[in-house]
Amino acid sequence: MGSMEEALLLKPPPSVVVCHHAAAAEAAAEACHHDGCPGCAMDRRKVSLRGSIPYKELFYVGATSLAASLPITCLFPFMYFMVRDFHIAKTEEDIGSYAGFLAASYMIGRGITSIFWGIASDRLGRKPVIVFAMLSVVILQTLFGLSTKYWMAIAARLLLGSLNGILGPVKAYAIEVCPTEHQALGISIVNTMWGFGVVIGPGLGGYLSQPAEKYPQIFSKESVLGRFPYLLPCLAVSFFAAVVLISCIWLPETIHKHKITEKDIRIVKALPSQKSHWDLPRKRSLLQNWPWMSTLASYCLFGLHETAYSEILSIWAVSDRKYGGLTFTSGDIGQVLSMAGASLLVYQLFVYSWVIKILGPLISSRIASTLSIFLLATFPFMTYLSGAKLSFALYSAAMTKSVLGITISTGMCLLQNNAVRQDQRGTANGISASALSFFKAIAPVGAGVLFSWAQKRQDATFFPGDQVVFLMLILVQICGLISTFEPFLVLPPVEECS
């Protein structure tokens, strides 16, 4: 691959290209405009921005992403106690396995239906799918908090994962509302708020679960929240999703509602080639689009790792010291994850744009993956610490790991979305979300089983207890890092867009 190709593909498209061709893009948008078509209206709005950031549209992107991601990990701090209260595990060591299946049920549901929701967003539009996803969060997250049996909790999570099909469409939406030079920001907003929700969700779960025990002066054990100790964090998530659902009334659509004419095709072909490189197709069939397929594989590996890490961190921190844990309460780990979420937000809003400009999505992902390997190796040794030293070490490690993880996922998303055309983005992101969901469904099950097994071998000579758990996380991260190099990762040559 030549230096010209690498310059285009390893780094984001330079804004200077947009400046040189602003007049041509404006003329093309005007010529292609069809009255009553929301996609054409969005194209004209992007041209009218003249390089400015579409703040209103990105607000919707951020709000919907946050509302959809909160339910995923909200249960992590109280999941161990919830399974214990269901009285389904025969021994304390078996709780981790049941908790793993409970966490995985959401991803199994999402994996089954994500392709459908991606296709639906390409056919019906992004807005209907996003609105329906918000409605499903409001209803099913509340039902999960009201669960009194293990099967009820599993069913609620499975349905929530199946109906909350927002991940693929919202990524496509973020690309489509942004001018070319701000597409990295659009994907960054999705991943920032999604990652922030995934990290802040456990904070809500930790602070608000079991309120009758934590705040007896406010909540009595005979009250509704006393009889349903895990309902309050679920209601908090549902309330936020309801607010976002109402705001979606003003959500603009981006899908074109007219047939593509020969005149439109000629106008698109006349656009500058470098702009076309980022906005037009590489291959007509997604299954033949090897650059997209290869970035999808890397994306799934990193997703597997991040999900397994999130669950292991939560159950490892709250498990007893005799099993190699830290004996934290759900509130303690909630505080750790909340700080990690705050650092994530600051990093994405103020630092990541500079990282992506200097290094590009691929190089930054490789560096972040390498640093994660060394960071993970420090976690088992934290069991030898206590007090302020333990708090400092765990807070620092969790915050750094969150920053590195979001750097990787955002870079992979940029590579994926710039490898497909607009009318395939919903489907492509749906397939990506579906594949990622299956990997994320495997992750908590595997992590739970691995953690339960590790707790039973504390006296082993070779990587005892928690050490073998973090060793497996390191191995998965190494596999993800290897997948970002040739021949595993294929970058689309510039010639394919001509």
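The following exercises, each with a worked solution, concern a predicted model of one protein chain.

Residues are numbered from 1 along each chain as its sequence is written, and side-chain values use heavy atoms, with hydrogens and water left out. In this predicted model, local features need pLDDT of at least 70 and side-chain atom pairs count only at pLDDT 80 or more, while totals for chains, interfaces and linings use all residues.

**Exercise 1. The chain as a whole**

Task: Determine how many helices and strands the chain has, and what percentage of its residues count as buried.

Solution. Step one: helices (H or I, at least four residues) and strands (E, at least two) are taken as DSSP runs, numbered from the N terminus. The chain has 22 helices and 0 strands. Step two: a residue is buried under 20% relative accessible area, exposed over 50% and partly exposed in between (1.4 Å probe, protein chains only). Of the 498 residues, 58% count as buried. Step three: contact means heavy atoms within 4.5 Å. Among contacts in the chain with a separation of 6 or more, 82% are between residues 24 or more positions apart.

**Exercise 2. Covered helices**

Task: State how many residues of α6 are buried, and do likewise for α10.

Solution. Just after α6, H87 takes a positive phi of about 55 degrees. Step two: in α10, 10 of the 10 residues are buried, so α10 is largely enclosed by the rest of the structure. Among them are the charged-class residues K171 and E176; that class holds Asp, Glu, Lys and Arg, whereas Ala, Val, Leu, Ile, Met, Phe, Trp, Tyr, Cys and Pro count as nonpolar and the others, Gly among them, as polar.

**Exercise 3. The largest cavity**

Task: Give the volume of the largest cavity and describe its lining.

Solution. Step one: on a 1 Å grid over the protein atoms alone, a cavity is a set of points where a 1.4 Å probe fits but cannot get out, and lining residues have an atom within 4 Å of a point. Grid points are joined across faces, edges and corners, and a volume is the space filled by probe spheres set on the points. Step two: the count comes to 5 cavities of 30 Å³ or more, and the largest has a volume of about 630 Å³. Of the 39 residues that line the largest cavity, G195, V198, E306, S310 and K440 are the closest to its centre. Step three: the lining has 22 nonpolar, 12 polar and 5 charged residues. Helix α17 gives the most, with 10 residues.

Conventions. On a 1 Å grid over the protein atoms alone, a cavity is a set of points where a 1.4 Å probe fits but cannot get out, and a pocket is an open set with protein on both sides within 12 Å along at least five of seven lines; lining residues have an atom within 4 Å of a point.
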